[in-house]
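Hi there,

Here is the structure I promised to pass on. Have a look at it first, and then read my notes below.

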Amino acid sequence: MPDPVSVRRLSRRGLFAAGGAAALAAVLAGCGRDDTANPSSGNSSGPWSFTDDRPETVTAQARPGRVVAFTGSAAALVDFGLGQEVVGVFGETKKSDGSKEPQAGDLDVESVEILGNVWGEFSVEKYAALRPELLVTHMYDPGAYWYVPDESKDKILPLAPVVTITTARVPMTKPIERYAQLAESLGADLSAPKVTDAKARFDAAAEAVRQAVKANPGIKVMAASGSPDLFYVSNPKVSTDLMYFAELGVDIVVPTKLEAGDYFEALSWENAGKFPADLILLDNRSTALQPADLTAKPTWKQLPAVQAGQVTGWDAVPRFSYAGAAPLLENLATAIQGAKKLT
């Protein structure tokens with residue numbers, strides 16, 4: 001789920017429009033054959049093209065070797081085998097203590113230029129100095145470039161070709177596959193053990209969720225994010241990870257009074273108990289209130305799942321790779337297995 005504050009800002013700027021996986025060999029072969037991917041032949045000196053999810057065919061005279069990306073996008077590309085090609089990132093990358101944000105994954109944050117570490121921060125000067133050959137980011141809604149500030153995008157977008165990958169209204173497996181295709185077009189080897197092992201772990205984790213649901217039926221799960229004034233309940237019909245969790249059989253709360261973009265329902269803290277839930281997936285980003293912060297909210301402490309200790313962290317903007325998503329599924333399976341029916 002995008003940060004609720006970010007969603008509201010984007011909505012005000014008019015960027016929102018209205019309103020088991022296959023066998024590994026087939027998946028990887030499909031990534032290579034998919035006409036939408038248009039991977040290069042492996043010769044970095046030859047022409048390169050990739051059809052993204054706008055959809056637009058992005059071209060270059062040679063395969064891009066200097067990639068700047070939203071931090072989560074960069075981390076996904078690294079999981080699929082890219083490395084020194086990623087030269088810059090934007091979005092939450094480092095915490096205040098210098099440690100990595102979860103979405104940075106295995107990205108070497110010390111070797112890349114951080115153009116902005118919070119929403120709305122993007123140094124155009126640093127970006128231009130990197131001599132970027134490709135910009136990559138998520139696309140939660142048509143025409144919206146995730147974490148590219150609206151007020152400076154007219155200066156940013158012309159400096160390099162841009163690729164966007166849809167990260168909403170489709171199951172999580174779709175953006176994972178698309179980032180795999182993009183990484184392959186940029187020279188990554190999807191048959192490398194790092195990638196195939198991660199895919200095997202992802203498949204096993206997905207099956208673990210299915211089995212947890214069967215073994216402990218009836219557990220109602222709510223995905224939520226807390227802010228000082230509001231309690232946001234996320235919508236599994238839009239959020240790509242929740243959509244996939246639901247496909248695996250998880251019973252997820254569906255909010256009824258949705259805000260712009262249909263991502264969530266914003267509840268006052270007085271109404272935080274509107275939706276009964278046995279297990280709460282709580283947004284673990286630094287932009288959201290964490291359990292220690294929420295103890296000051298009386299209605300939070302009154303929620304049955306909170307009283308029962310059935311709250312687990314949720315990567316609301318997941319890393320769209322098999323390596324990034326597998327731990328999320330493992331955590332979900334464990335949480336469901338250990339949950340008791342409360343409602």
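Is Asp262 buried, partly exposed or exposed? Asp262 is partly exposed, because its relative accessible area is 29% (buried means under 20%, exposed over 50%, and partly exposed in between, with a 1.4 Å probe and protein chains only).

Before going on, some housekeeping. This is a predicted model, so local features need pLDDT of at least 70 and side-chain atom pairs count only at pLDDT 80 or more, while totals for chains, interfaces and linings use all residues. Residues are numbered from 1 along each chain as its sequence is written, and side-chain values use heavy atoms, with hydrogens and water left out.

Back to the loops. Asp262 sits between strand E10 (251-252) and strand E11 (264-268) (helices, H or I with at least four residues, and strands, E with at least two, are DSSP runs numbered from the N terminus). Asp262 has a positive phi of about 65°, although it is not a glycine. Arg169 also has a positive phi, near 65°, and is found in the loop between strand E7 (162-166) and helix H6 (173-185). With a relative accessible area of 33%, Arg169 is partly exposed. Another loop, between strand E1 (48-51) and strand E2 (57-60), holds Pro55; a cis peptide bond joins Arg54 to Pro55, with omega about -5°.

Now for the inside. Ser73, in helix H3 (residues 71-79), is buried with a relative accessible area of 0%. Its side chain makes a polar contact with the side chain of His138 at 3.3 Å (that is, a pair of N or O atoms within 3.5 Å; within protein, one must be able to donate a hydrogen and the other to accept it, and residues adjacent in sequence count only if both atoms are side-chain atoms).

Helix H8 (residues 240-247) is largely enclosed by the rest of the structure, because 6 of its 8 residues are buried. Those buried in H8 are Thr240, Asp241, Leu242, Met243, Tyr244 and Phe245. Just after H8, Gly249 takes a positive phi of about 105°.
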